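Trainee: I would like to learn how to read a model of this kind, one feature at a time. Could we go through it together?

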Amino acid sequence: GITRHYKFNIRLQNVTRLCHTKSIVTVNGRFPGPKIFAREGDRVVVKVVNHVQNNITLHWHGVRQLRSGWADGPAYVTQCPIQTGQTYVYNFRIISQRGTLFWHAHISWLRATIYGPIVILPKHGVPYPFIKPYKEVPIIFGEWFNADTEAIITQALQTGGGPNVSDAYTINGLPGPLYNCSARDTFRLSVKPGKTYLLRLINAALNDELFFSIANHTLTIVDVDAIYVKPFDTDILLITPGQTTNVLLKTKPHYPNATFFMSARPYATGRGTFDNTTTVGILEYQKPNSSHPSNAIGIKNLPLFRPSLPGLNDTAFAANYTRRLRSLANAQFPANVPQTVDRRFFFTVGLGTQPCPKNQTCQGPNGTKFAASVNNVSFVLPTTALLQTHFFGQSNGVYTTNFPTNPPFPFNYTGTPPNNTMVSNGTKVVVLPFNTSVELVMQDTSIQGAESHPLHLHGFNFFVVGQGFGNYNPNKDPSNFNLIDPVERNTVGVPAGGWVAIRFQTDNPGVWFMHCHLEVHTSWGLKMAWVVLDGKLPNQKLPSPPSDLPKC
Ligand code: C2O
């Protein structure tokens, strides 16, 4: 591979959407941010210079970061933030991954405006295991807030209530014509008839899983989270925050004399408040014998087709869709599913509440403040970085190693939750030896409503070996696990009112964050960290930190 250099200047930029202009934090003034492009095996070097008042870190979401944990990026986990005027160089290789990932800010809610695609091509001369696309197009979903997102989360955490929802969903930063004052801010995909396009879909939204569809067109799913899957056709797909999906779009054989909406709107289980709106982009065909896209024709003069999307809480669709995802699992792309398990964990994930601090009024349920937890622990980030304290043996007073491996009090997770579900705070981690084979079952609790939680694991891909509704049954459910061709990915939706089982191998020393990729849930504490120790061999050890690693 080669080395690819990028320079990311963090700076403010005025951006207008929905007739609201605001100053947002960006990379190089771009919204969405610039594309990172690499081939499998390449090294990527990104020099980040912070010119704004906010502290910043960047995360290369889904990049394995094999023995390069210092470049992973979650604030106070693998690094202290890059402060105003400071520079940090992220340096990592892309190994055994090809497809689409994305990068985003990983501190507070700054990823609302700081995100962009990572496009990973196969090595030179290695073809895709599917038809060579005529063109490739990144399509990145996001959320636009008219208000300042840092103010929104600060206020929510102070009052204990739920944060304001966004004002629009976006496709490549554009809300589209269904929103007021937004017709001109519409993503248009101009295509030729009879061609195959590779769409690289990324959900960078803060707080919403999304359904996506293109009217009158079928999509072929070929890759998720930068791992090939067995191709299958679908009219509609589901993508959670933190997930990426490559799809083939075969255009109609002849100029259809029509325009087609592509739409995304939320899959929203169990929540009282969410933004129940739709972002659309336009698929427009270029007229034969004309090199001009049909922009000038516009959507007014052509018949317009709109896709229909599932209901907002169509959990059955979500479950059936995710069940269809399977690894290629062939000789060229084997699925190295751990067949035996060294350590088993059972984590409850979900919302909860905490008492309102004295002399304060809280806006959470019954005057409490909202919290979220894993096994009833609401994770509190330290004021220094976990990875540094681990590496230098200074973890005393920073974190404890007693993260509960089971819920402290089991209950009927999908029935009526017990009255007292107050969650505790802690900075607790699980310590694992190198090359431990882990099975982790995550069970959604119905506390404050059954809800799908897209859990994201840093530093590893995992295999989704099982999922189901109701309470996980350790005596029965494992017999149905798929240990042959389960999908391999970095973010999985724990089903609303159900559970998911994953397996992974701790082949990557470091401190690895795991959290719900609904940002509000992360803010409330639905997060934890795994500490993976060095192995014995030299190539199983985490190297020393780079000299420019920021200090807290
Ligand atoms: Cu995409 Cu920890 O994040």
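This is a predicted model: local features need pLDDT of at least 70, side-chain atom pairs count only at pLDDT 80 or more; totals for chains, interfaces and linings use all residues.

Trainee: Which residues is Val77 in contact with, once its neighbours within four places in sequence are left aside?

Mentor: Val77 is then in contact with Ala385, Leu386, Leu387, Val511, Phe513 and Ala529.

Trainee: How is the chain divided into domains, and what does the UniProt annotation cover?

Mentor: The domain assignment gives domain 1 as 1–126, domain 2 as 130–326 and domain 3 as 343–540. The UniProt record, an unreviewed entry, carries the annotation "domain: Plastocyanin-like" for residues 11–123, 136–287 and 403–534. Over residues 11–123 the chain is 0% helix and 46% strand, with the end C-alpha atoms 34 Å apart.

Trainee: How should I read the contact between domain 1 and domain 2?

Mentor: The size of an interface is often given as the accessible area lost when the parts come together. Here we can count residues instead: 24 residues of domain 1 are in contact with 32 residues of domain 2. On the side of domain 1 that touches domain 2, β2, β7 (99–105) and β8 (115–121) each supply at least two residues, and β7 gives the most, with 5 residues. By class, that side of domain 1 has 12 nonpolar, 8 polar and 4 charged residues. As for the C-alpha centres of domain 1 and domain 2, they lie 22 Å apart.

Trainee: Why do the buried residues of helix α1 line one face of the helix?

Mentor: An α-helix has 3.6 residues a turn, so residues three or four places apart point the same way. In helix α1, which spans residues 149–159, the buried residues are Thr149, Ile153 and Ala156. Seen down the axis of α1, these buried residues fall within an arc of 60°, and they therefore line one face of the helix. What covers the buried residues of α1 includes α4 (519–524), and just after α1 comes Gly160, with a positive phi of about 80°.

Trainee: Where is the cis peptide bond that joins Phe31 and Pro32?

Mentor: Pro32 lies in the loop between β2 (20–27) and β3 (36–39), and the omega of the cis peptide bond joining Phe31 and Pro32 is about -10°.

Trainee: Finally, where is Lys551 placed, and is Lys551 buried or exposed?

Mentor: Lys551 lies in the segment after β33 (527–532), and because Lys551 has 11 C-beta neighbours inside 10 Å, Lys551 counts as exposed. Although Lys551 and Leu381 are 170 residues apart along the chain, their C-alpha atoms are separated by 15 Å.

Terms used:
Residues are numbered from 1 along each chain as its sequence is written. UniProt positions are given in the numbering used here, feature names are shortened, and annotations may be inferred rather than shown by experiment. Helices (H or I, at least four residues) and strands (E, at least two) are DSSP runs, numbered from the N terminus. Domain bounds come from an automatic or database domain assignment. Two residues are in contact if their C-beta atoms, placed from the backbone, lie within 7 Å. Ala, Val, Leu, Ile, Met, Phe, Trp, Tyr, Cys and Pro count as nonpolar, Asp, Glu, Lys and Arg as charged, and the others, Gly among them, as polar. A residue is buried if 20 or more other C-beta atoms lie within 10 Å of its own, exposed if 12 or fewer, and partly exposed in between; C-beta atoms are placed from the backbone. The arc is that of the directions from the helix axis to the C-beta atoms.
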